[in-house]
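Okay, thanks everyone. I'd like to walk you through a few contacts in this one, so let's get it up on the screen.

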Amino acid sequence: MSPVFPMLTVLSMFYYMCLRRRARTATRGEMNSRRAIESNTRALPINVEIVQYAKEVLDFSSHYGSENSMSYTMWNLAGIPNVYPSSGDFTQTAVFRTYGTWWDRCPSARLPFKRTPSTFCSQDYVELAFEEPVYPTAVHILETYHPGAVVRILACSANPYSQNPPAEVRWEILWSEAPTKVNGPQARQFTPCIKQINFPTNLIRLEVNSSLLDYYTELDAVVLHGVKERPVLSLKTSMIDMNDIDEDEDEEKFGCGMDTLNKQFSIVTLREWPTNGYFDKLPYELIQLILSHLTVPDLCRLAQTCKLLYQHCCDPLQYIHLSLQPYWARINDTSLEYLQSRCTLIQWLNLSWTGNRGAISVSGFSRFLKVCGSELVRLELSCGHFLNETCLEVITETCPNLQELNLSSCDKIPPQAFNHIAKVGSLKRLILYRTKVEQTALLSILNFCSELQHLSLGSCVMIEDYDLIASMMGAKCKKLRSLDLWRCKNITESGIAELASGCQLLEELDLGWCPTLQSSTGCFTNLARKLPNLQKLFLTANRSVCDTDIEELAANCTHLRQLDILGTRMVSPASLRKLLESCKDLSLLDVSFCSQIDNRVVLELNANFPNVFIKKSFTQ
């Protein structure tokens with residue numbers, strides 16, 4: 001028989017199998033999906049697509065709004081659009097807490113971690129659940145004000161509505177890009193080109209970076225397009241699903257290969273190499289300096305090249321400062337276990353965003369700190385939803401030198417657990433934004449942690465009497481330099497007086513959205529006179545701020561750099577001119593929704609004071 005005939009037979013069978021798969025896919029799709037559309041160039045000619053808005057907001061790192069309201073909160077991302085296609089500042093949208101670089105230029109700014117990969121620039125995130133798991137074909141993000149903050153879109157293999165949690169949770173990047181400056185604040189529908197993934201999802205995560213924005217970005221809704229059956233590639237390209245071929249490559253791109261990091265951590269045997277090249281000639285300290293510029297996954301890869309570099313890459317001195325936040329989707333108990341021997345001298349540790357959905361257990365976290373916590377000075381645990389009372393107890397017992405603790409948005413920690421923090425008398429920075437800390441625990445912390453210099457209590461809704469808290473700060477926390485009381489609901493002029501009298505080193509004070517403070521009581525005048533070192537003062541949404549307050553700031557707080565008086569009706573252009581003339585270092589002035597400050601005034605002030613960013617928001 002001619003050799004041509006067996007080849008023709010194989011090709012015929014291959015083509016027959018392709019046709020059967022195509023028919024089977026079309027049949028299932030027509031039965032299970034909502035509406036049929038023409039597919040893209042890579043998929044089959046006809047497929048079925050589901051279009052759905054987010055059903056629920058599952059998790060987020062921060063938001064501008066209150067915990068007891070819907071205005072400017074992440075919860076506005078659930079459901080159909082409220083605002084789009086209108087542009088402007090609307091309370092019905094989702095808004096993150098910060099924008100621009102202003103928060104990096106104030107006294108409370110924290111030093112960045114070294115070795116952060118250049119590809120990781122996310123500052124905030126929000127996770128959205130959808131009704132039906134689909135293979136995504138498109139994601140539409142409806143941005144209504146100052147767009148351009150979204151830098152990464154991810155999909156998760158776990159179904160948040162499933163009764164049976166999966167043995168393994170996978171995250172895949174659908175799209176990623178560095179922050180970009182968008183011309184103009186107008187609304188837009190952002191539809192990046194996403195990659196195909198090999199599992200269905202109904203959990204989408206948006207990560208944002210607002211550093212290039214002139215104001216808060218506002219998101220209205222997220223639309224997920226997808227198909228129930230996995231798209232099959234067109235015969236014109238290839239019948240092989242490229243996701244199966246490139247899976248390892250994509251995993252390596254996500255988090256610099258953190259999916260294989262556990263294997264790299266555990267490698268103890270190395271091939272015999274005849275020589276270590278010229279590295280034998282270099283001083284040990286010089287090699288250490290060179291390796292200090294590598295990311296953690298790169299260190300793990302380099303450790304496999306030769307025994308000399310293995311020794312250097314496992315040296316605990318390489319792990320004095322360690323940030324695992326860029327690899328949050330790949331960090332688990334096994335990762336921490338393999339890192340233990342390398343982190344015995346660690347001083348700065350960033351586990352923010354890690355460990356959720358069972359990736360890190362309480363026992364795994366506890367074992368790691370018991371081995372590596374003795375020298376720890378700084379511990380970042382933002383959005384660590386695995387944390388409970390046992391974890392806080394272990395932190396206080398194993399980290400005697402701890403000076404900085406970040407529990408921002410750790411809203412799963414029970415109120416009574418915060419009592420343990422009072423045992424860490426060396427604390428200088430404590431961030432409790434959006435936690436369930438209660439008054440009794442906080443009073444104990446303030447009483448025993450007298451070294452505190454930076455304290456964040458923003459959106460802590462379970463504190464009943466902020467006047468009592470302010471009084472304790474004034475009495476015990478004499479070294480306080482920055483204080484965040486954002487959306488504290490009941491502080492009055494009495495608490496402000498105690499605070500100003502006792503904490504005269506304050507350089508930063510956030511009293512935004514504190515409705516019980518009234519200028520007529522003299523509280524803001526008292527602040528200006530008692531706190532001459534103020535560099536940042538936020539009086540956001542306090543309609544009572546008046547010319548007298550601004551003039552007192554101009555006379556007494558000449559080091560002022562950032563001032564937010566959004567929403568006041570009683571400040572005139574004349575008092576602002578006095579402030580700008582007196583405060584030569586002023587760089588940010590937010591006069592959004594100030595009824596006496598129109599666009600003409602803003603243009604005039606910008607012309608006369610070009611070094612000051614004067615923000616005037618609008619709604620249309």
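Let's start with a salt bridge: the side chains of Asp510 and Arg97 meet at 3.1 Å, N to O. By salt bridge I mean a side-chain nitrogen of Lys or Arg within 4 Å of a carboxyl oxygen of Asp or Glu. This pair links distant parts of the chain, 413 residues apart, with Asp510 in strand β18 and Arg97 in the loop between β4 (94–95) and β5 (124–145). Helices (H or I, at least four residues) and strands (E, at least two) are DSSP runs, numbered from the N terminus. Both Asp510 and Arg97 are buried, and here buried means under 20% relative accessible area, exposed over 50%, partly exposed in between (1.4 Å probe, protein chains only).

Quick housekeeping: this is a predicted model, where local features need pLDDT of at least 70 and side-chain atom pairs count only at pLDDT 80 or more, while totals for chains, interfaces and linings use all residues. Residues are numbered from 1 along each chain as its sequence is written, and side-chain values use heavy atoms, with hydrogens and water left out.

Back to salt bridges; the whole structure has 26 of them. Another one is Arg110 with Glu380, the closest N and O atoms being 2.9 Å apart. Arg110 sits in the loop between β4 and β5 and Glu380 in strand β13 (residues 378–380), so this pair ties together parts 270 residues apart in sequence. Arg110 is partly exposed at 38% relative accessible area, whereas Glu380 is buried at 5%.

Then there's Glu404 with Arg378, at 3.8 Å, N to O. Those two are 26 residues apart, Glu404 being in strand β14 (residues 404–406) and Arg378 in strand β13. Both are buried.

Now over to the helices. The axes of α12 (residues 493–502) and α13 (residues 523–530) come within 9 Å and cross at roughly 0 degrees. Axes are lines fitted to C-alpha atoms, for helices over the stretch in contact, and angles run from 0 to 180 degrees between N-to-C directions. In α12, Gly495, Ile496, Leu499, Ala500 and Gly502 are buried.
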